[in-house]
Amino acid sequence: MAEIFKINDAHGNTVEMELIDKLFVDNKEYIIAGPKNANEAYAYRVTHLGSEVQYDSVSKGPEFDKVLKEYNKAM
């Protein structure tokens, strides 16, 4: 069974996300996740803040390119 977690989108809406993969790039943790029951995926940088976890969207640019390249190598 896939791991499901919730995030708040840019509009403040709560969205259920399904974890697709976890990876490390340049000593930083990232996840690939998509909305539950959808055929799309996004990259998020994971930051641990004490007992909480923060997911920051990664899109476009060199950081995204590195994450995408590492994800594709793993596939």
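1. Basis. Because the model is predicted, local features need pLDDT of at least 70 and side-chain atom pairs count only at pLDDT 80 or more, while totals for chains, interfaces and linings use all residues. Residues are numbered from 1 along each chain as its sequence is written, and side-chain values use heavy atoms, with hydrogens and water left out.

2. Fold. Helices (H or I, at least four residues) and strands (E, at least two) are DSSP runs, numbered from the N terminus. The C-alpha trace spans about 30 × 30 × 25 Å along its principal axes.

3. Of the 75 residues, 25% are buried; buried means under 20% relative accessible area, exposed over 50%, and partly exposed in between (1.4 Å probe, protein chains only). Among contacts (heavy atoms within 4.5 Å) with a separation of 6 or more, 21% are between residues 24 or more positions apart.

4. Surface. The chain exposes about 5600 Å², of which carbon and sulfur atoms supply 47%. Areas come from the Shrake-Rupley method with a 1.4 Å probe; for residues, only the protein chains shown count as cover.

5. In strand β1 (residues 4–8), Phe5 and Ile7 form the covered face, and Ile4, Lys6 and Asn8 the uncovered one. β1 runs antiparallel to strand β2 (residues 14–25), and five bridges join them; two strands pair if DSSP finds at least two bridges between them. Asn8 of the uncovered face stands opposite Thr14 in β2. Five residues lie between the two strands of this hairpin, and Gly12 in the turn has a positive phi of about 85 degrees.

6. Positive phi outside glycine. Asn27 has a phi near 60 degrees, a positive value in a residue other than glycine, and lies in the loop between β2 and β3 (28–35). Asn27 counts as exposed, at 80% relative accessibility. Lys60, also not a glycine, has a positive phi of about 55 degrees. Lys60 sits in the loop between β5 (52–58) and α1 (62–74) and counts as exposed at 76% relative accessibility.
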